[in-house]
Amino acid sequence: MKTTVHNPDLARFVEAGTLYLGATEAAELVRRQGVARCVEAIAHNIHADFMRWADFDKTARVAAHSDVGVIELMPVADAQRYSFKYVNGHPGNTRLGLSTVMAFGVLADVATGAPLFLSELTLTTALRTAAMSALAAQVLARPGSRVMALIGNGAQSEFQALAFQHLLGITELRLYDVDPAASAKLVANLQGSGLRITVCASTAEAVKGADIVTTVTADKRNALILTPEMIEPGMHLNAVGGDCPGKTELHGDILDAAKVFVEYEPQSRIEGEIQHKGADFAVTEFWQVLLGERSGRDGADQVTVFDSVGFALEDFSALRFMQQTAESLGLGERIALVPQLSDPKNLFGSLRATAAVAA
(Lines give C-alpha, C1' and ligand atoms only; values in the text may rest on other atoms or scores of the structure.)
Protein backbone atom coordinates (compact mmCIF):
# COMPACT_ATOMS: atom_id res chain seq x y z
CA MET A 1 0.00 0.00 0.00
CA LYS A 2 1.46 3.34 -1.07
CA THR A 3 1.70 6.22 1.35
CA THR A 4 -0.10 9.40 0.29
CA VAL A 5 2.33 11.91 -1.24
CA HIS A 6 1.62 15.50 -0.30
CA ASN A 7 4.22 17.15 -2.54
CA PRO A 8 2.41 17.80 -5.86
CA ASP A 9 5.57 17.51 -7.98
CA LEU A 10 6.52 14.27 -6.28
CA ALA A 11 2.98 12.93 -6.58
CA ARG A 12 3.04 13.50 -10.35
CA PHE A 13 6.41 11.77 -10.54
CA VAL A 14 5.11 8.74 -8.60
CA GLU A 15 2.04 8.55 -10.82
CA ALA A 16 3.54 9.18 -14.26
CA GLY A 17 7.32 9.59 -14.13
CA THR A 18 9.77 12.41 -14.85
CA LEU A 19 8.58 15.41 -16.84
CA TYR A 20 10.84 15.65 -19.90
CA LEU A 21 11.11 18.89 -21.88
CA GLY A 22 13.07 18.34 -25.07
CA ALA A 23 14.59 20.93 -27.38
CA THR A 24 11.53 21.18 -29.63
CA GLU A 25 9.15 21.66 -26.71
CA ALA A 26 11.45 24.17 -25.02
CA ALA A 27 11.55 26.24 -28.20
CA GLU A 28 7.75 26.09 -28.38
CA LEU A 29 7.55 27.27 -24.77
CA VAL A 30 9.73 30.29 -25.55
CA ARG A 31 7.79 31.05 -28.72
CA ARG A 32 4.51 31.05 -26.80
CA GLN A 33 5.82 33.15 -23.92
CA GLY A 34 8.15 35.39 -25.92
CA VAL A 35 11.87 35.88 -25.29
CA ALA A 36 11.38 39.08 -23.31
CA ARG A 37 8.84 37.53 -20.95
CA CYS A 38 11.00 34.43 -20.41
CA VAL A 39 14.10 36.48 -19.66
CA GLU A 40 12.18 38.71 -17.27
CA ALA A 41 10.71 35.73 -15.41
CA ILE A 42 14.07 33.98 -15.12
CA ALA A 43 15.68 37.21 -13.90
CA HIS A 44 12.95 37.44 -11.26
CA ASN A 45 13.74 33.88 -10.13
CA ILE A 46 17.47 34.57 -10.04
CA HIS A 47 16.89 37.67 -7.94
CA ALA A 48 14.69 35.73 -5.52
CA ASP A 49 17.16 32.84 -5.24
CA PHE A 50 20.20 35.10 -4.79
CA MET A 51 18.32 36.87 -2.00
CA ARG A 52 18.34 33.57 -0.08
CA TRP A 53 21.97 32.80 -0.91
CA ALA A 54 22.67 31.22 2.49
CA ASP A 55 19.97 28.58 1.92
CA PHE A 56 21.96 26.87 -0.84
CA ASP A 57 24.66 24.21 -0.75
CA LYS A 58 27.10 25.71 -3.28
CA THR A 59 30.19 24.47 -5.05
CA ALA A 60 32.25 25.50 -8.06
CA ARG A 61 31.45 23.48 -11.13
CA VAL A 62 33.36 20.30 -11.94
CA ALA A 63 35.17 20.67 -15.25
CA ALA A 64 36.94 18.30 -17.63
CA HIS A 65 39.18 20.35 -19.93
CA SER A 66 40.74 19.34 -23.23
CA ASP A 67 42.72 21.32 -25.76
CA VAL A 68 39.56 21.93 -27.81
CA GLY A 69 36.97 22.64 -25.14
CA VAL A 70 35.45 21.85 -21.78
CA ILE A 71 32.66 19.69 -20.35
CA GLU A 72 31.22 20.75 -17.00
CA LEU A 73 28.77 19.65 -14.33
CA MET A 74 27.14 22.42 -12.28
CA PRO A 75 25.30 21.31 -9.10
CA VAL A 76 23.46 23.29 -6.43
CA ALA A 77 20.75 22.51 -3.87
CA ASP A 78 18.56 23.96 -1.15
CA ALA A 79 16.54 21.97 1.39
CA GLN A 80 13.83 21.08 -1.13
CA ARG A 81 15.36 20.89 -4.61
CA TYR A 82 18.65 19.73 -6.11
CA SER A 83 19.68 20.67 -9.64
CA PHE A 84 22.58 20.08 -11.94
CA LYS A 85 23.48 21.13 -15.46
CA TYR A 86 25.65 19.28 -17.93
CA VAL A 87 27.18 21.79 -20.34
CA ASN A 88 30.04 21.94 -22.80
CA GLY A 89 31.98 24.71 -24.50
CA HIS A 90 33.69 23.77 -27.77
CA PRO A 91 34.33 26.79 -30.04
CA GLY A 92 35.25 24.55 -33.00
CA ASN A 93 31.91 22.74 -33.00
CA THR A 94 30.32 25.02 -35.58
CA ARG A 95 32.67 23.56 -38.22
CA LEU A 96 30.99 20.22 -37.54
CA GLY A 97 27.48 21.61 -37.62
CA LEU A 98 27.19 21.48 -33.82
CA SER A 99 26.50 24.23 -31.31
CA THR A 100 29.42 25.65 -29.34
CA VAL A 101 27.36 25.19 -26.17
CA MET A 102 25.05 22.21 -25.56
CA ALA A 103 23.36 21.54 -22.25
CA PHE A 104 20.71 19.64 -20.34
CA GLY A 105 19.73 19.58 -16.68
CA VAL A 106 17.73 17.96 -13.91
CA LEU A 107 15.63 19.29 -11.05
CA ALA A 108 15.25 16.68 -8.31
CA ASP A 109 13.48 16.26 -4.98
CA VAL A 110 15.95 16.45 -2.08
CA ALA A 111 13.80 14.38 0.29
CA THR A 112 13.70 11.37 -2.04
CA GLY A 113 16.23 11.98 -4.81
CA ALA A 114 13.46 11.59 -7.39
CA PRO A 115 14.32 13.27 -10.74
CA LEU A 116 11.23 15.41 -11.17
CA PHE A 117 12.21 17.36 -14.28
CA LEU A 118 14.65 16.69 -17.12
CA SER A 119 15.12 19.51 -19.60
CA GLU A 120 17.20 20.73 -22.47
CA LEU A 121 19.27 23.68 -21.31
CA THR A 122 21.00 24.89 -24.48
CA LEU A 123 18.31 27.43 -25.33
CA THR A 124 17.57 27.90 -21.64
CA THR A 125 21.22 28.69 -20.87
CA ALA A 126 21.13 31.52 -23.39
CA LEU A 127 18.00 32.89 -21.70
CA ARG A 128 19.41 32.61 -18.17
CA THR A 129 22.78 34.11 -19.16
CA ALA A 130 21.00 37.09 -20.66
CA ALA A 131 18.74 37.35 -17.62
CA MET A 132 21.72 37.33 -15.24
CA SER A 133 23.55 39.94 -17.33
CA ALA A 134 20.57 42.28 -17.41
CA LEU A 135 19.83 41.82 -13.70
CA ALA A 136 23.43 42.71 -12.82
CA ALA A 137 23.31 45.76 -15.07
CA GLN A 138 20.03 46.91 -13.51
CA VAL A 139 21.89 47.09 -10.21
CA LEU A 140 25.36 48.18 -11.34
CA ALA A 141 25.05 50.29 -14.52
CA ARG A 142 24.31 54.01 -14.47
CA PRO A 143 20.59 54.80 -14.40
CA GLY A 144 19.37 55.89 -17.80
CA SER A 145 21.86 53.77 -19.77
CA ARG A 146 20.59 53.56 -23.34
CA VAL A 147 23.55 52.59 -25.57
CA MET A 148 25.18 49.14 -25.48
CA ALA A 149 28.14 47.82 -27.41
CA LEU A 150 27.86 44.11 -28.12
CA ILE A 151 31.22 42.51 -28.91
CA GLY A 152 30.79 38.97 -30.17
CA ASN A 153 27.65 38.41 -32.22
CA GLY A 154 27.25 34.64 -31.99
CA ALA A 155 24.55 32.42 -30.53
CA GLN A 156 24.16 34.33 -27.26
CA SER A 157 23.99 37.82 -28.75
CA GLU A 158 20.30 38.13 -29.64
CA PHE A 159 19.29 37.10 -26.14
CA GLN A 160 21.65 39.63 -24.58
CA ALA A 161 20.34 42.39 -26.85
CA LEU A 162 16.67 41.70 -26.11
CA ALA A 163 17.26 41.28 -22.38
CA PHE A 164 18.96 44.66 -22.13
CA GLN A 165 16.30 46.28 -24.27
CA HIS A 166 13.38 45.01 -22.20
CA LEU A 167 14.89 44.99 -18.72
CA LEU A 168 17.05 48.15 -18.90
CA GLY A 169 15.60 50.22 -21.72
CA ILE A 170 18.57 49.97 -24.08
CA THR A 171 17.59 51.61 -27.37
CA GLU A 172 20.82 51.53 -29.39
CA LEU A 173 23.19 48.66 -30.17
CA ARG A 174 26.70 49.01 -31.55
CA LEU A 175 27.99 45.69 -32.89
CA TYR A 176 31.34 44.16 -33.68
CA ASP A 177 32.46 40.62 -34.48
CA VAL A 178 35.56 39.34 -36.24
CA ASP A 179 33.15 37.42 -38.49
CA PRO A 180 30.97 39.88 -40.47
CA ALA A 181 28.45 37.10 -41.11
CA ALA A 182 27.77 36.87 -37.38
CA SER A 183 26.88 40.55 -37.20
CA ALA A 184 24.71 40.23 -40.31
CA LYS A 185 22.89 37.31 -38.68
CA LEU A 186 22.29 39.35 -35.53
CA VAL A 187 20.98 42.33 -37.48
CA ALA A 188 18.60 40.08 -39.43
CA ASN A 189 17.30 38.37 -36.30
CA LEU A 190 16.65 41.70 -34.57
CA GLN A 191 14.66 43.18 -37.43
CA GLY A 192 11.45 44.65 -36.03
CA SER A 193 12.78 44.79 -32.47
CA GLY A 194 12.82 48.60 -32.41
CA LEU A 195 16.52 48.72 -31.58
CA ARG A 196 18.75 51.14 -33.49
CA ILE A 197 21.66 49.02 -34.68
CA THR A 198 25.05 50.05 -36.04
CA VAL A 199 27.60 47.52 -37.28
CA CYS A 200 31.08 48.82 -36.50
CA ALA A 201 34.48 48.13 -38.05
CA SER A 202 36.31 47.51 -34.76
CA THR A 203 35.81 46.96 -31.07
CA ALA A 204 37.13 50.46 -30.36
CA GLU A 205 34.54 52.01 -32.68
CA ALA A 206 31.73 49.94 -31.15
CA VAL A 207 32.47 50.83 -27.52
CA LYS A 208 32.99 54.56 -28.07
CA GLY A 209 30.22 56.41 -26.27
CA ALA A 210 28.55 53.24 -24.95
CA ASP A 211 26.99 53.15 -21.50
CA ILE A 212 27.28 49.37 -21.29
CA VAL A 213 29.72 47.05 -23.04
CA THR A 214 28.89 43.36 -23.29
CA THR A 215 31.61 40.98 -24.43
CA VAL A 216 30.43 37.50 -25.37
CA THR A 217 33.18 35.95 -27.47
CA ALA A 218 33.85 32.24 -27.83
CA ASP A 219 37.58 31.75 -28.43
CA LYS A 220 39.16 29.52 -25.76
CA ARG A 221 42.18 31.72 -25.11
CA ASN A 222 43.38 34.67 -23.10
CA ALA A 223 42.29 37.52 -25.35
CA LEU A 224 42.38 41.29 -25.06
CA ILE A 225 38.96 42.15 -26.45
CA LEU A 226 38.88 45.34 -24.37
CA THR A 227 41.97 47.41 -23.55
CA PRO A 228 42.27 50.35 -21.12
CA GLU A 229 42.18 53.14 -23.72
CA MET A 230 38.71 51.98 -24.83
CA ILE A 231 37.17 52.40 -21.39
CA GLU A 232 35.30 55.62 -20.60
CA PRO A 233 34.28 56.90 -17.14
CA GLY A 234 31.00 55.43 -15.91
CA MET A 235 30.92 52.44 -18.25
CA HIS A 236 29.51 49.15 -17.06
CA LEU A 237 31.31 46.13 -18.52
CA ASN A 238 29.40 42.88 -18.79
CA ALA A 239 32.15 40.31 -19.39
CA VAL A 240 30.41 37.09 -20.37
CA GLY A 241 32.77 35.22 -22.70
CA GLY A 242 35.60 34.47 -20.29
CA ASP A 243 34.36 31.45 -18.38
CA CYS A 244 37.12 28.87 -17.96
CA PRO A 245 40.83 28.73 -17.12
CA GLY A 246 42.90 30.27 -19.90
CA LYS A 247 39.95 32.13 -21.43
CA THR A 248 39.55 35.86 -20.72
CA GLU A 249 38.47 39.00 -22.60
CA LEU A 250 39.66 42.03 -20.61
CA HIS A 251 43.09 43.59 -20.18
CA GLY A 252 44.12 43.23 -16.55
CA ASP A 253 44.60 46.97 -16.11
CA ILE A 254 40.87 47.45 -16.69
CA LEU A 255 40.12 45.35 -13.63
CA ASP A 256 42.64 47.27 -11.53
CA ALA A 257 40.87 50.55 -12.29
CA ALA A 258 37.30 49.23 -11.88
CA LYS A 259 35.02 47.85 -9.19
CA VAL A 260 34.58 44.16 -9.92
CA PHE A 261 31.55 42.00 -9.11
CA VAL A 262 31.30 38.21 -9.40
CA GLU A 263 28.72 35.49 -8.89
CA TYR A 264 30.53 32.92 -6.72
CA GLU A 265 34.06 33.97 -5.83
CA PRO A 266 35.65 30.49 -5.48
CA GLN A 267 34.58 29.67 -9.04
CA SER A 268 35.39 33.09 -10.51
CA ARG A 269 38.93 32.96 -9.10
CA ILE A 270 39.51 29.91 -11.29
CA GLU A 271 37.49 30.74 -14.40
CA GLY A 272 36.73 34.46 -14.56
CA GLU A 273 38.51 37.59 -15.69
CA ILE A 274 40.07 37.69 -12.22
CA GLN A 275 41.84 34.33 -12.71
CA HIS A 276 45.16 36.18 -13.26
CA LYS A 277 44.78 38.35 -10.17
CA GLY A 278 46.10 37.51 -6.73
CA ALA A 279 43.96 36.21 -3.90
CA ASP A 280 43.97 39.70 -2.38
CA PHE A 281 42.36 41.30 -5.44
CA ALA A 282 39.10 42.77 -4.13
CA VAL A 283 35.79 41.59 -5.57
CA THR A 284 32.18 41.74 -4.42
CA GLU A 285 29.77 38.83 -4.80
CA PHE A 286 26.58 40.07 -6.44
CA TRP A 287 24.24 38.63 -3.81
CA GLN A 288 25.89 40.89 -1.23
CA VAL A 289 24.75 43.95 -3.17
CA LEU A 290 21.20 42.62 -3.50
CA LEU A 291 21.03 42.06 0.26
CA GLY A 292 22.53 45.47 1.03
CA GLU A 293 25.63 44.01 2.68
CA ARG A 294 27.98 45.68 0.19
CA SER A 295 27.62 48.70 -2.07
CA GLY A 296 27.24 48.52 -5.83
CA ARG A 297 28.24 51.45 -8.02
CA ASP A 298 29.77 54.19 -5.89
CA GLY A 299 29.53 57.06 -8.38
CA ALA A 300 28.55 58.11 -11.89
CA ASP A 301 32.13 58.01 -13.18
CA GLN A 302 33.06 54.67 -11.64
CA VAL A 303 33.72 51.80 -14.06
CA THR A 304 31.98 48.63 -12.95
CA VAL A 305 32.70 45.11 -14.20
CA PHE A 306 30.40 42.12 -13.88
CA ASP A 307 32.81 39.20 -14.27
CA SER A 308 30.21 36.65 -15.31
CA VAL A 309 31.17 33.00 -15.62
CA GLY A 310 27.75 31.45 -15.06
CA PHE A 311 26.84 29.84 -11.74
CA ALA A 312 24.70 26.78 -10.97
CA LEU A 313 22.18 28.77 -8.94
CA GLU A 314 21.17 30.63 -12.12
CA ASP A 315 20.39 27.30 -13.78
CA PHE A 316 18.38 26.26 -10.71
CA SER A 317 16.35 29.45 -11.18
CA ALA A 318 15.90 28.80 -14.89
CA LEU A 319 14.88 25.18 -14.37
CA ARG A 320 12.22 26.29 -11.89
CA PHE A 321 10.81 28.61 -14.55
CA MET A 322 10.91 26.02 -17.32
CA GLN A 323 9.24 23.35 -15.19
CA GLN A 324 6.47 25.60 -13.97
CA THR A 325 5.81 27.05 -17.41
CA ALA A 326 5.91 23.69 -19.18
CA GLU A 327 3.34 22.30 -16.77
CA SER A 328 1.08 25.34 -17.12
CA LEU A 329 1.22 25.12 -20.93
CA GLY A 330 0.91 21.34 -21.08
CA LEU A 331 4.28 20.92 -22.77
CA GLY A 332 6.69 18.02 -22.38
CA GLU A 333 6.04 14.34 -21.72
CA ARG A 334 6.25 12.00 -18.77
CA ILE A 335 9.00 9.39 -19.14
CA ALA A 336 10.26 6.43 -17.10
CA LEU A 337 13.72 7.88 -16.50
CA VAL A 338 14.09 5.58 -13.47
CA PRO A 339 12.24 2.31 -12.80
CA GLN A 340 8.76 2.49 -11.31
CA LEU A 341 8.68 -0.72 -9.25
CA SER A 342 5.69 -2.45 -7.71
CA ASP A 343 8.14 -3.69 -5.08
CA PRO A 344 10.87 -1.06 -4.56
CA LYS A 345 13.03 -3.69 -2.81
CA ASN A 346 13.02 -6.04 -5.80
CA LEU A 347 14.88 -4.40 -8.69
CA PHE A 348 15.93 -7.78 -10.09
CA GLY A 349 12.30 -8.77 -10.32
CA SER A 350 11.73 -6.05 -12.89
CA LEU A 351 13.89 -8.06 -15.29
CA ARG A 352 11.50 -11.01 -15.06
CA ALA A 353 8.56 -8.71 -15.76
CA THR A 354 10.35 -7.25 -18.78
CA ALA A 355 11.27 -10.69 -20.05
CA ALA A 356 7.64 -11.83 -19.72
CA VAL A 357 6.44 -8.87 -21.77
CA ALA A 358 9.10 -9.51 -24.41
CA ALA A 359 8.07 -13.16 -24.67
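How many salt bridges are counted between domain 1 and domain 2? The count is 1 salt bridge, where the term stands for a side-chain nitrogen of Lys or Arg within 4 Å of a carboxyl oxygen of Asp or Glu. The structure is a predicted model, in which local features need pLDDT of at least 70 and side-chain atom pairs count only at pLDDT 80 or more, while totals for chains, interfaces and linings use all residues. Residues are numbered from 1 along each chain as its sequence is written, and side-chain values use heavy atoms, with hydrogens and water left out.

The chain is divided into domain 1, which covers 8-123 + 313-358, and domain 2, which covers 141-310, the bounds coming from an automatic or database domain assignment. The centres of domain 1 and domain 2, taken over C-alpha atoms, are separated by 28 Å. To the contact (heavy atoms within 4.5 Å), domain 1 contributes 22 residues and domain 2 contributes 21 residues. Between them, the two domains bury about 1,900 Å², with 72% of this area on carbon and sulfur atoms; buried area here is the accessible area (1.4 Å probe) that two parts lose on being put together, summed over both. On the side of domain 1, the residues that lose the most area to domain 2 are Phe50, Trp53 and Arg61, which together account for 29% of what that side buries.

Arg61 also takes part in a salt bridge, in which the side chains of arginine 61 and glutamate 271 meet at 2.7 Å, N to O. Helix H3 (35-50) and strand E4 (70-77) are the elements that give two or more residues to the side of domain 1 that touches domain 2, with H3 giving the most, 7 residues. Helices (H or I, at least four residues) and strands (E, at least two) are DSSP runs, numbered from the N terminus.

Across the whole structure, 23 salt bridges are found. One of them joins arginine 81 to aspartate 9, with the closest N and O atoms 3.0 Å apart, and this pair links strand E5 (residues 81-89), which holds arginine 81, to helix H1 (residues 8-16), which holds aspartate 9, across 72 residues. Both arginine 81 and aspartate 9 are buried, where buried means under 20% relative accessible area, exposed over 50%, and partly exposed in between (1.4 Å probe, protein chains only).

A further salt bridge pairs aspartate 315 with lysine 85, the closest N and O atoms again being 3.0 Å apart. Aspartate 315 lies in helix H11 (residues 312-329) and lysine 85 in strand E5, so this pair ties together parts that are 230 residues apart in sequence. Aspartate 315 counts as buried because its relative accessibility is 2%, and lysine 85 counts as buried at 1%. Salt bridges that share partners also join Asp9, Arg12, Arg81, Asp109, Glu327 and Arg334 into one network.
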